[in-house]
Amino acid sequence: MTGRGHVVVLGAGMVGTASAVHLLRRGFQVTLVDRKGPAGETSYGNAGVISRGSIMPVMLPSMWRALPRYMSNADPSVWVDWRYLPAIVPWLARLARAITGPRLAATVAALDALARHALAEHEALMQLSGAGRYLVREGWMKLYRSEASFRASGFERARLDEAGIRHAIYDPAALAEREPSLRPLYARALHILDTASLTDPGAVCESHARWFREAGGALLIDGVEGIEARDDGYRVRLPGRHLDADHVVVALGPWSRDFLKPLGYRLPMDFERGYHLHFTAGDGASLARPVCDIDGGFVLAPMEKGIRVTSGVEFAGLDAPASRRQIDKVVPLARAAFPLGEPLQDEPWLGRRPSFPDSLPVIGPAPRHPGLWFAFGHGHIGLTLGPVTGRLVAEIIAGDTPLVDLAPYAATRFDAA
């Protein structure tokens, strides 16, 4: 064991893997544990965007007018399992309070404080692990099918201006110059320039984990049954064995909430489920960058595996059976927008995004357990914020001054924490 002690990191998604890499580089002995291995869950399936512009909460005040459409499952962006609605009502109530007045401004500022470091921290890890081939520096676009839809983005565009985030607005002709394979459905496009994307997010996470192992870290593919606080640290229980540690980082994404309940933590986290399918590109079509059809509720992302079509949000609970309804709703819309070819997989991939109602992650110490650290709840931007979160976790465990003030992300911000 090194002089800095042993850290067990639970969860090998982008957040956990980045945390393990940064801790190892700071001289800790580190064991990374995941039941499926690096990027085996949520970090594998997403649009691949490292989004400088992701500084908006999950819901804006203007979007409440669309709530009846969302709740009736008439909008492709959202599908709600009515059987799950009673369970999610408290989360929705907190969400409503989080987007009022000064709370909204504070959320935007806190997301901006993290997102402004996102690309640089990704680049640093990719240079270390040799994953730079997957990085594309073409920004990403949000597409609007009507002028009314574009006007509704005015609040977001104003916040981008305030944060100094470079972006451009295109009419149909300018959009066609940049993405000629898109069909002429769109009245406007918002190109967020201070953004990059990954052509295989899972492979990038696996590259970081490979560097971690080769540099002396331990990676265990195993389930985690629980954790016990002891006088000299923590005991992490695995099937048939255990690990003793000075510190434990909980980066289990959507499974973090229930994992922490035996220690007395009741954190108001819920789950936004999403799906993706890969397709060939028909008729020689291509995309230079990911594009998000705001009205259609889907993303088209060019990946090494093909064109990835991602669905909107499904509220159905963590362990509800997978369903094709959400992806089947958006694939025809995606085909109308872009010449998709044949599907490259039989069944859609399902991921679960862990989300707090104030749209901020929890990053920092456990309120009542010294040596236990939280790093989860990043919602839609876990890929974007994974490397900067990993750096912050390592800095605070090492006793260094963190890159970002962590007060807005403290678990103590919740009454029940």
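Which residue follows H9 and has a positive phi? The residue is Gly-216, with phi near 115°.

1. Basis of the note. The model is predicted: local features need pLDDT of at least 70, side-chain atom pairs count only at pLDDT 80 or more, and totals for chains, interfaces and linings use all residues. Residues are numbered from 1 along each chain as its sequence is written, and side-chain values use heavy atoms, with hydrogens and water left out.

2. The sheet. Six strands form an open sheet with mixed pairing, in the order S10-S2-S1-S14-S23-S22. Strands are DSSP runs of E with at least two residues, helices are runs of H or I with at least four, and both are numbered from the N terminus. Two strands pair if DSSP finds at least two bridges between them. Strands S10 (218-221) and S22 (362-365) stand at the edges with a single partner strand each, so one side of each has no neighbour in the sheet. From one strand to the next, the twist averages 15°.

3. S22 pairs with S23 (residues 372-376) in the antiparallel sense, over four bridges. Val-362 has Phe-376 in S23 as its bridge partner. Helix H1 (residues 14-25) packs on the sheet and touches S1 (6-10), S2 (29-34), S14 (247-250) and S23; contact here means heavy atoms within 4.5 Å. The direction of H1 makes about 165° with that of S2, where axes are lines fitted to C-alpha atoms, for helices over the stretch in contact, and angles run from 0 to 180 degrees between N-to-C directions.

4. Strand S2. Five of the six residues of S2 are buried, so this strand is largely enclosed by the rest of the structure. Buried means under 20% relative accessible area, exposed over 50%, and partly exposed in between (1.4 Å probe, protein chains only). S2 pairs with S1 in the parallel sense over five bridges, and Leu-32 in S2 has Val-9 opposite. The β-α-β crossover from S1 through H1 to S2 is right-handed: with the strands pointing away from the viewer, the path from the first strand over the helix to the second runs clockwise. S2 also runs parallel to S10, joined by four bridges, with Thr-31 opposite Ala-218 in S10.

5. Helix H9. This helix (residues 201-214) has 14 residues and reaches 20 Å from first C-alpha to last, close to the 20 Å expected at 1.5 Å a residue; the expected span is 1.5 Å times one less than the number of residues. Of its 14 residues, 10 are buried, so H9 is largely enclosed by the rest of the structure. Among the buried residues are Cys-205, His-208, Trp-211 and Phe-212.
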